[in-house]
Structure formats: structure tokens, C-alpha cells
Amino acid sequence: MSEDSRRTADRISELLRTEGEQVQANVTPFNEGRYRRYAEMDDTEAYRSEARRIKEDAIERLPELIEQVRETVESNGGSVYLAEDAADANEYLREVARGNDAGTAVKSKSMTTEEIDVNEHLERAGVDTYETDLAEFVLQIADESPSHIAAPAIHKSRSEIADLFERHFDLDEPLRTAEELTAFASDYLEERIAEADIGLTGANFVTADTGTIALVTNEGNARKCAVTPETHVAVAGVEKLLPSLADLPPFLNLIGPAGAGQDITAYLSLLTPPVDTPAIDFDDPDAPGFGGPDDREFHLVLLDNGRTEMREDDELRETLYCVRCGACANTCANFQQVGGHAFGGETYSGGIATGWEAGVHGMDSAAEFNDLCTGCSRCVEACPVKIDIPWINTVVRDRLNRGADASTFDHLVEGLSPDDESAGLDLGKRLFGNFERLAAWGSRTAPLSNAVADSTPVRIALERVAGVDRRRDLPRFRRETFRDWFHQRDAAAPDDTERTVALYPDVYTNYVDVERGKAAVRTLEALGVDVTVPDACGSGRAPLSQGMIETATEQAKAVYESLGPVIESGRDIVVIEPSDLAMFRGEYDRLLPETAAERVAENSYEVMEYVYGLLENGADADDLAGPNADETPSEAARDGVAYHSHCQQRTLGLEAQTVAVLEAVGYDVITSDVECCGMAGSFGYKTEYYDLSVAVGADLRDQFTSPEADGRLLLASGTSCADQMNSLFERRSAHPVQIISPEVDRIADRRR
């Protein structure tokens, strides 16, 4: 285990202990609310598609929109400054402060100003700057960085904030309730706002045609900062520009539900500055105001700071579609446990943070947390703009791999490993990325390979050199592979078959969990399907998860060479492992030519999805095993099953089909409601992430040891899910196809 990995492990363990419980308690309602609101809204998908279309158009036309908004704002009486980077922006802000002889500034919540450290630079220029958003105010007092894009202080409890206020302020008596804390902060900040010389805001959106600033908040302080001082400065990344005021509705309908599960955001302020209201004289409260609207001053600072380069980068460009709602963080099981102080960089946090940090702060910042994205894809369906966040993380991981310095051990693996990666690749990533080669070797030498792998010296070496945690059970390789079993068995094809299938032999099914492959064959044949098993290699999922894009691409090409002729012959492709189906229906669009990717995607099905389709089209569920059949493979299943759907299976919308099939044959089914089991392929094997993996899995363990679930047979669709469940529970898990398949070997109700 390297020194960097050890530091990462220690940091994660510390945050699990100190902040994890509070982070999870605060983001879970946001996530649950998003599920509710997305389901309630009739036009959710239409809004998401339209929002993405608008952002694509805006980023494509960005230079044009910058010039348009400059003309618009200046014709309104304001100023526009295009800042090249953080230093340029801060120098302009200092000039504005000097020009107004400003001694104080008040500031509403703005991640863009966090990005360029505005507070620090203004303080150096002699301008006392106060955060007016309650959460940012708390963090300013605590001298801490935000832990969430939209909810900066989610890691802090009410009692912690109360103690902080008591230490920082000269209070007559302690503040304990939320109402008392909020009232105190509100009164304190109102005084600062009334005295301020400059008001600083960000902008959720800026419309080029009217120069309108849209501020979406849950407090009214942004509005106060914008209109109370005579001078208002809005700092916004250039990506916040939209072509017109008419483009706002889909974003305004989505941002509250996506980010916090709200029915509607508390405050929506549409300002076209300089506003035409007179400034208030707080020293003369009986007077309506002084001066006129011409005395008001407005500056729009549009920040580049790497965004132009991101726009020109085909892989990072999508990051600029982000509306900073935080939904990707809320839905991420890893973020839920440690928050943005682990899953984040210098400024941004959550899944989308990798793109932002790589673009505006550099690859070193993104490297600090990039591996915390496991590619589960849950964030994709959460994102209101449909950003492919896992792909951005994968691209950055690939670039980090290729930019790494050669290691001491590279000469031992260069030329020996089958991948297409360069020197310097982390040995743990190389090991997991080449799992198929390892599995093929392990299968050929089993059971000796399993005994050797279990030996203490080997486990110690694996942990030290490749970061494979010795507390994890390793896969048990089978001497007879699934493909061997299929081609050697003595079984006739069903009579009068209407459907023909090629059952894809994924790496885990072929070399480790052969029984689920057998069960899939028998299930399909029982329903009258002619089955063949092609000689295809791994889908590329393993190397892709490690950021080994070139290797994944070569494997995808090899898979298509095997499956293309099968598809041409009229066979459907049926897949057992959900992550491989996600490759076929998703990532292959990035790895293969368009026609090839479409052919694979359009002709591939998950095994339980395919069974569901057969039953819906006339196949007889009585041909499958149910809880009362003689062939029922587990006594526990007679009492019902507890089913955990794979992350990517749920993103593909396929959980319901599995449940429907199980219920069709008579099983009583309960399902998990957690985002992820925590294993996430190789993630849970890595020493630096072992504690986090177990912490994420605890939610699943709690649910499936509840009185309702305890004693039921555990089912999991994914390989990694089954591995995690087998480590979390005394009872073992099975794949759903194993308990509907006739004539399967019994699944022992084993105890560890």
C-alpha cells in the first residue's frame, strides 16, 4: 500500500467518523425528494431534454453570446468584464472596490467566487467581506470549505453550529434551536447588508438577450445583496449564459426538484441590472431613499478560467452544461458517506467535480478524489441536464493514468500484460483492468490457484504491491468454465423454437459463477429458446473502470467481431451481468463506430428482461421453478426473497422486470431502496476504500436484516453486489435466474 493510498484511507476513515453521519442525514432527504418530484412531474423528461438542448446550443454559440450580453448590459448602463483567469477577475474586483472607496462587501452564495477565492483577495485589499447565505456564513466563521455544491454546510449539525456561534460571538445566552440560530444570523447579517458598500452575487443563469441575472435561492439574502448597496457586482462563469429569457423555464422547473427535492425553490429573483429602484438611506429611515437609479452601478464579471479550453475539449465540454444543483452528489452512495471534503477538490464536489476541477484547477486537483466515482451511473438519471458524468470521470482517470510517472515495477509488467496502456499505470489498476487474463490463468490452474491466492504471503503481497485488501474474499475460479460446460454438455435444443439467443459469457460467469450461466441456459431453453454461447471476450468493463480507455476500446472491437455475425444471423444477445449490458447500451457508443454500437445496443437484453418479454408474449411461467416447486433451489426462498438490483440495471430501468418475473412464478419479493451496495466492481477490493465500501454496504445490511427481510433468500443481479452481500451477511446470495431455472443445483443455505 503506497503512502498516498494510506493517506487516502486515513482521510476517509476520519471523515466517516466525524462527518459521515451528518452528511448522510442531510443529503438523503434531498435524494428521496428528487425521486418523488421527478415521478410527480408530468414533463420531467421533456424538461431534461429541453434543458440539455439549450445548454448544448449555448455552449456552441458561447463567443457570440458573450458579445451579445456585453452589448445588452452596457446598453442598460452596466459594465461587462471578461476575466481570463482568477487573478484577472480578482484584480478587476479590487479596482471596483477602490473606485468606490469600499470598505465592506456582502456576498450571496456563489461557487464561482469560491473558485477564485474572492473573499481572501478582497480582504487583502482592505475590504471586509461577509457571506450572507446562512450555510456559507457558518463556514466563513468556522474557516472551512464547502462540502456540497448547493448545500455547503451539510457536514455540520445544529449542535455544532450552536457551539460555533457561542465560541465566536459574545452572546447573552446560548443559542440552541434552529430558529434561534437563524434569527441571530439574520439580524447580524442585516446590519452588514445595510452598511455594505458593494453587493456581490453569483448568477444561476444570465440571459444574453436582456442581460437578466437569474438567482435561484432558498434565502432572500442574494436579492438583498443585489439591490441594497449602490454597487452590485455579479460574478459568473461564461457557461452561465443562455441565449434568451425564454430559455429559463425548463431550468427553473428542474433545479429545485433535482437539487433538493423541492416542489419549488423558495426565491427566484430575475434582475436586469442596474435596477431602477433608488438606494435606501438606512441612516434616515423616514426618507424613501436618496439619489436616483442613475446613481446605481453594476458590473458583470464573466469568468473564463479554463472554460474556453473545456469548451474545445470534446470530452470535458459536457461539464459546462452543469447547473450546479448537486443532484449528482446527493444520489452518490460514496458521497453520502463522506461528503465533499473527501469527494471533492479545491472548490467543487460530487460526481461532476472531476470535470470542473480538471478544467479550472488542473489534473492534480481532480486526482485527489477521481477514484471515488465508481461509474455506477446513478448520477446520470439524477442530472437535470443528462450529463454523462461517469464518462467524464473515466476520461480524467485515463488522462491521469497516462500522465503518471513510470514506477519501479513497470519493467516487470511492460510487454507481459495484455493491455494497451502506457508505463506508470498504478499496479492495482493494471491488475483489475486485466482481470480477464488473471481469471483465465486462475481457471486453468484451479483449484491450486485458489489455494495460492488464499495464502497469507500472497495476500500480504497483493495488499502491499497492488492495494488489494486482505480482508476481502477473493473470487474462486472454476476449472470448468461456463463455455466449456455448454459446449461439452449433452442436451438437445428445444423443439419448434421461435426465438434464438446468443448468451454472452461475461468474464465472471465464465470463470467464477458458472452456476448462474447454467441457470440462464436452462431457463431460456425451458421457455422454448434456442441458445448458443459465443466465444467472446470481456466487454471492456474492467479496464474502463480503471480509466484504461484504449484497452477497453480494443476489447469492445473484439466483442463486436464475435457478436456482429451472431446478430446478423438473427440471434438476440442476452447478457447476465448488468454492467456488461450497460457497456453494450451505453459506453459502446463512445468506443465503437456508430453503426456497430447501434447494432449491439439494439439487439442486447438483460437475462431477466428477456424472460419477462417471453412471458409477456405467451411463454408459460409454469415452466419455471417457483417457491413450491420440487426444484426450488433453497428452502429460504419459500419464505420469500430479498432482492438488490444492480446500480446500472436500475439506471437502465430494468429492476421492475426482474421483480415481475419473480412474482409471476410465485415468489414474495421485497427490494432494497439503497443507491448502491458499496462494492462497485473492484472498488471494494481496494485497501484505501475498504472502510468506505463497508460503510456504504451497512445501509443494505440494515435493510435486509430487518424483521421483514431477515431469513429470506438474498438475490443480487450483479457480480459485485453478490460479493458484497456475501461479505455482509451470514446467508449467501444468488442470482435471480438461479431460482426460476428448472433442474438447477440446490443453493445451499450456507452460513459463513
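User: What makes strand β6 and β9 count as a pair, and in which sense do they run?

Analyst: Strand β6 (residues 212-217) and β9 are joined by five bridges and run antiparallel. The cut-off for pairing is at least two bridges, so five bridges are enough to call β6 and β9 paired. Among the bridge partners is Leu271 of β9, which goes with Ile213. Keep in mind that this is a predicted model.

User: Where does β9 stand in its sheet, and why is one side of it left without a neighbour?

Analyst: The sheet is open, has four strands in the order β8-β5-β6-β9, and mixes its pairing. β8 (241-242) and β9 stand at the edges, and each has a single partner strand, so there is no neighbour in the sheet on one side of each.

User: What makes Leu245, Leu268 and Leu270 a patch?

Analyst: Patch residues need over 30% relative accessible area and no salt bridge, and nonpolar side chains are joined within 5 Å. Together, Leu245, Leu268 and Leu270 make a nonpolar surface patch with about 240 Å² of accessible area.

User: Let's go inside. Which residues touch the most other members of the largest nonpolar core?

Analyst: That core has 63 residues, and the ones touching the most other members are Phe335, Ile352, Trp356, Leu372 and Ile387. A separate, second core has 39 residues, including Val521, Leu524, Ile739 and Ile740.

User: What is Trp356 in contact with, leaving aside its neighbours within four places in sequence?

Analyst: Contact here means heavy atoms within 4.5 Å. On that basis Trp356 meets Glu239, Arg307, Met310, Thr319, Leu320, Cys322, Arg324, Tyr348 and His361.

User: How do you know that β15 pairs with β16, and how many bridges join them?

Analyst: Three bridges link the parallel strands β15 and β16. At least two are needed, so the β15 and β16 pairing passes. β15 also pairs with β17, again parallel, over four bridges. Val641 shows up in each pairing: opposite it in β16 is Val669, and its bridge partner in β17 is Leu713.

User: Which way do Val641 and Tyr643 point from β15, and are they buried or exposed?

Analyst: Val641 and Tyr643 point one way, Ala642 and His644 the other way, and all of them are buried.

User: What covers the buried residues of α34?

Analyst: The buried residues in α34 (residues 655-664) are Glu655, Gln657, Thr658, Val659, Val661 and Leu662. Their cover includes β14 (604-606), α32 (607-616), β15 (641-644), α33 (647-651), β16 (669-671) and β17 (713-716). After α34 comes Gly666, with a positive phi near 110°.

User: What makes the contact between Glu675 and Arg378 a salt bridge?

Analyst: Their side chains meet at 3.2 Å, N to O. The limit is 4 Å, so Glu675 and Arg378 qualify. The pair spans distant parts of the chain, 297 residues apart: Glu675 is in the loop between β16 and α35 (690-704), and Arg378 is in helix α18 (residues 378-382).

User: How many salt bridges does a search of the whole structure find?

Analyst: The search finds 54. Some are linked in a network that takes in Arg52, Glu56, Glu318, Asp388 and Arg590.

Methods: Residues are numbered from 1 along each chain as its sequence is written. This is a predicted model: local features need pLDDT of at least 70, side-chain atom pairs count only at pLDDT 80 or more; totals for chains, interfaces and linings use all residues. Side-chain values use heavy atoms; hydrogens and water are left out. Patches are made of residues with over 30% relative accessible area and no salt bridge: like charges are joined within 9 Å, nonpolar side chains (Val, Leu, Ile, Met, Phe, Trp, Tyr) within 5 Å. Accessible areas come from the Shrake-Rupley method with a 1.4 Å probe; for residues, only the protein chains shown count as cover. A nonpolar core is a set of buried Ala, Val, Leu, Ile, Met, Phe, Trp, Tyr and Cys residues joined through side-chain atoms within 4.5 Å. Buried means under 20% relative accessible area, exposed over 50%, partly exposed in between (1.4 Å probe, protein chains only). Helices (H or I, at least four residues) and strands (E, at least two) are DSSP runs, numbered from the N terminus.
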